[in-house]
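User: I'm new to this one. Can you walk me through it?

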Amino acid sequence: MTEHPTSHHLRQPVPPAAPSASPARGPGSSAPFGAVPDPRSALQQPGAAGFAPPPGAGFAVRGENGAAAGPPDAPLVTAGAGPGGGEPVAGHGRPRTAGGHAPYDDGLAARGAIGGAQPPEQGEPRPGEPRPGTGHVPAEGIGRPREGGRSRPPGDDGPSGAFVPPPTGPAGGAVVPGEGAAPVPPARADHPGEGDEVAAARQAGGDRLRFIGAATRRIARGIDLDEIVLGLCRATVPTFADAILVYLRDPLPVGDERPTEPMVLRLRRTDRIPEEPDTNGIRLPVLPAQPDLGPAMGGSAAELAEVLTGGPLAEVLRGVRPLFGDVPAARTALPELLGDGTQLPGGRRVILAPLRGRRRVIGAAVFLRRPDRPAFEGDDLLVAAQLATHTALGVDKAVLYGREAYIADALQRTMLPDSLPQPTGVRLASRYLPAAETARVGGDWYDAIPLPGSRVALVVGDVMGHSMTSAAIMGQLRTTAQTLAGLDLPPQEVLHHLDEQAQRLGSDRMATCLYAVYDPVAHRIIVANAGHPPPVMLHRGGRAEVLRVPAGAPIGVGGVDFEAVELDAPAGATLVLYTDGLVESRIRDVWTGIEQLRERLAETARLTGPNPPPLEPLCDEVLDMLGPGDRDDDIALLAARFDGIAPSDVAYWYLDPKAQTAGQARRLARRALSRWGLEELTDQVELLVSEVVTNAVRYAERPVTLRLLRTDVLRCEVGDDVPQLPRLRQARPSDEGGRGLYLVNRMARRWGATRLSMGKVVWFELSMPPGAAAR
């Protein structure tokens, strides 16, 4: 176990020194009213004759290498509340202040590990001395004295090495286990020449240090801005103050970003103790956030405060040090911050603490105590300074983390498709969830790419790692996949070229990918896999099956052949593609997750009976299978419902490239439209088909294909073996040609041309006439 720097073997007792005037708290001098005592004053020339740190300075005097200065049998001088700190009160294990107010809560302060070990209580053996009646001398590090003067059994370090005091007896002393209810008396003087007041001050100083340690740990646990500000409020109310207000700049500057002028402070959060108990006599819980401080502490506070350049509030914020509310500088600055109508408690019951981050002042915190409660002491300014410093640094950290998380999330989502296409014969739905515990950015992606012949390519992939680099590689691979899909390459060839691209990006750039092509006319799907989890097919009757697809090696391995399989894709079936974040986590392996996914899909399908479940609710049901510990990785989900195109809605012909082919194409199209009851479109279709087929047969050497598809639109596709794509141009009055695509562009709803491996396809779509049967 690693010892704390204030461990017992570094804490040799220090002999008492003659009192002298300290620059910060000496009896012979008085610090400026409201100024922060200099903590270094307690460490100046520790070996000088006649020097002794004043009680309440908050620091221990040590020699070189952390060892305590002075003879071995001298007491350790630690922080305290100063002389006159008050007598112990019955029923409590530490003294109260003169006003009867215990300034620090046992439940929070006792868990701190700061403040140093105290000398043993009366009747407790010192390290190295035999226990009474046993003759046993404990080894170094075993049975050592801890905070409050009580020893701990070997290996019992408690949470985070902090000491949790035993329960107290009726008189305020600790109950020793095994000895009935006989209490151990509270800390009192056990050194020659030390009075009860000095012992009480020493214990109060230890309480302060333990409180600071526990409070700063609570503040540091926060990641985002709200958690850090909430940690400050919950750590200080009611332990240190009865109310707190936290003001932050609006907007908060990020990093080296130049802040906006003038400086505006916005009330971010305020907590306070309720004024009155409830009907059962129990204190009401701390209110979460409210600008009302209650009648006893000034009423309402302003939610916005503009800091005037050169004004009193700007001067206090520039000075950084906390001030009591009754010093002149704070008296003029507080109305500017809280509003002129706020009447604050008198005396030392208000502390104004500026919050300074790494580069600039980012806000202010106001600590208040009610008039009927004890006032703050001088050492409480040190406490407020520590709380303000840790809070400001935490706010800076949260702002930077929030900006990085926003950039990473924006980068990830920008590289994903904004919306999915709506190709003929298939319906699509998708989901993306960032990781919950790791970095928000990841390398998961999905895509749906329309292909010639009314086909569609479905892609899902996962780049290994969670970083900005992973997201950048994902964007490059996704762009490469879109380019390869536009060439109408087979799925296994697409994965092969992705593998080559990943190797060009770097030796350690690896990813998994699944690439599938669905043909709604043939009702078939071709799938190739590169180390990705297999897809799940949900059939219309409610049966869910995991498709048997060769796994293959991940992209980036190199020198691996990929294999594609062709499977049936019946109408009404749903194909679910996903990344491993959905089925794999720290609490389950990937195959267990796949089986749970299959069962969830089947269970959801049974709820809708013979009809397939809607896609969007189906995606939500799939994500609901994730438990609290399952969000270790980001998740990409793509669901495709295969509607297909019925054979009766398809007309397909092969035409020889001859001069008479255009007229033949017009007659075939007219017959198909008459069979479908779409005679209203005959003139438009004949004109456009004639223009497109004429351009095809002019250069084609192999038969030309003509296909008409009737869905929610009428789609016409003309294919040939010429790879050059036509382009739209403005024909001159003297030109005999060049007007065919111009007519297509003006009359068709949409049109386009796609290059194939063995030629190209030119297509156009026309809207259905009113009254036509919806498909």
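User: Leaving aside neighbours within four places in sequence, what is methionine 510 in contact with?
Analyst: Methionine 510 is in contact with Val463, Met464, Pro554, Ile555 and Val557. Contact means heavy atoms within 4.5 Å. This is a predicted model: local features need pLDDT of at least 70, side-chain atom pairs count only at pLDDT 80 or more, and totals for chains, interfaces and linings use all residues. Residues are numbered from 1 along each chain as its sequence is written, and side-chain values use heavy atoms, with hydrogens and water left out.

User: How far apart are the C-alpha atoms of methionine 510 and isoleucine 555?
Analyst: They are separated by 5.5 Å. Along the chain, the two residues are 45 residues apart.

User: Where is methionine 510, then?
Analyst: Methionine 510 is in the loop between helix 8 (491–505) and strand 12 (511–519). Helices (H or I, at least four residues) and strands (E, at least two) are DSSP runs, numbered from the N terminus.

User: What is its relative accessible area?
Analyst: For methionine 510 it is 28%, which counts as partly exposed. Buried means under 20% relative accessible area, exposed over 50%, and partly exposed in between (1.4 Å probe, protein chains only).

User: Let's zoom out. How many helices and strands does the chain have?
Analyst: It has 13 helices and 23 strands. Of its 775 residues, 50% count as buried.

User: At what angle do helix 2 and helix 3 pack?
Analyst: Helix 2 (residues 196–220) and helix 3 (residues 225–236) pack at about 155°, with axes 8 Å apart. That makes the pair roughly antiparallel. Angles over 145 degrees get that label; under 35 is roughly parallel, 65 to 115 roughly perpendicular, and the rest oblique. Axes are lines fitted to C-alpha atoms, for helices over the stretch in contact, and angles run from 0 to 180 degrees between N-to-C directions.

User: Which residues make the contact?
Analyst: Helix 2 brings Phe211, Ala215, Arg218 and Ile219. Helix 3 brings Ile228, Gly231, Leu232, Arg234 and Ala235. By class, that is 6 nonpolar, 1 polar and 2 charged. Ala, Val, Leu, Ile, Met, Phe, Trp, Tyr, Cys and Pro count as nonpolar, Asp, Glu, Lys and Arg as charged, and the others, Gly among them, as polar.

User: What does helix 12 pack against?
Analyst: Its buried residues pack against helix 11 (661–676), strand 20 (704–710), strand 21 (713–720), helix 13 (740–747) and strand 23 (759–767). Among those buried residues are Val685, Leu688 and Val692. Helix 11 and helix 12 pack at about 145°, with axes 8 Å apart.

User: What about phi of aspartate 488?
Analyst: It is near 60°, a positive value in a residue other than glycine. Aspartate 488 sits in the loop between helix 7 (468–486) and helix 8. At 16% relative accessibility, aspartate 488 counts as buried.
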